[in-house]
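This report describes how secondary-structure elements are arranged in a predicted model.

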Amino acid sequence: PAEDLLSDVDAYFRWVDHVDQFNILGGEPFLHPDVQKITKTITERYRSRINDLVFFSNGTVLPEEGLLDLMVRYQIKVDLGDYRAGVPAIRPKVDRFIEELERRGIAYAAPASGAWLDFNHPPEDRSSWNAKQLTAVRRNCREPFRGIHGQKYYFCHLNASAALAGLYPEEPGDSFDLSGSEEGRKEELLAYDLACLPKGYVSYCRHCGGCGPANQRMVPVAEQLPAGQQGRP
């Protein structure tokens, strides 16, 4: 719900004075029924404290007029996952999406996506590894995003997704609690963000293939199953 998302954003900016890049993603963010309300609130409250405000989208859902106006007014960028080569049926929608961005002067990046990185199939099993070994796994990773959910700041967005999906239980140190008072404690969050983690790693490091060059498991972009066929869980 929009109220929950905005409450998390408010909690984040109680601790953070300024951020270089703030990403709105999903899933597909333009499918959210309240995406315009969410965007309007974030920009009105915090745009001056964000260098780059960015939507992540696959370009198949054209934002409504009011949201496009907000994107122009507040210089919101779009990071477009371009899957037209892998899924030709979406080409007309993505072409129209890009045309509208260009017509309005909205900045975007659209690198062609030829493959996806497979993080967890089959899952790694490092249950017997010690803290030193798991810390080395984390250091070799290039985790691109932090995450905010439930008044918590997650060091690794994949860890957050795995915990929220119920795949693996969250453990102490996987997130930083934003619900308490930030008075005199902002350096703690900064240290956490800079990978000064309580254990040196997060719990999902036991299972994830990682975002770094050591993970060479790639899968074809948006490969579709035949209609009516179910894939493996």
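## Packing of helix 3 and helix 4

Helix 3 and helix 4 cross in a right-handed sense. The contact draws on Glu65, Leu68, Asp69, Met71 and Val72 from helix 3, and on Glu100, Leu101 and Arg104 from helix 4. Classified by residue type, the contact of helix 3 with helix 4 comprises four nonpolar and four charged residues, with no polar ones.

Helix 3 spans residues 65–73 and helix 4 spans residues 91–104; their axes lie 11 Å apart and the packing angle is about 45 degrees. Since angles under 35 degrees count as roughly parallel and those from 65 to 115 as roughly perpendicular, the two helices are therefore oblique to each other.

The model, which is predicted, contains an open sheet of four strands in the order 1-2-3-4, with parallel pairing. Strand 1 (19–24) and strand 4 (108–109) are the edge strands, each pairing on one side only.

In general, the strands of a sheet pair through backbone hydrogen bonds, in either a parallel or an antiparallel arrangement. Here, five bridges join strand 1 to strand 2 (residues 50–57) in the parallel sense. Within strand 2, Ile50 stands opposite Val19.

## Helix 1 against the sheet

Helix 1, formed by residues 2–15, lies across strand 1 and strand 2. Relative to strand 1, helix 1 runs at about 170 degrees.

Definitions and conventions. Residues numbered from 1 in each chain as written. Predicted model: local features only at pLDDT ≥ 70, side-chain atom pairs only at ≥ 80, totals over all residues. Heavy atoms only, no water. Axes fitted to C-alpha atoms, helices over the stretch in contact; angles between N-to-C directions. Parallel < 35°, antiparallel > 145°, perpendicular 65-115°, else oblique. Left-handed = near helix turned anticlockwise from the far one by under 90°. Contact = heavy atoms within 4.5 Å. Nonpolar A, V, L, I, M, F, W, Y, C, P; charged D, E, K, R; others polar. Pairing = 2+ DSSP bridges.
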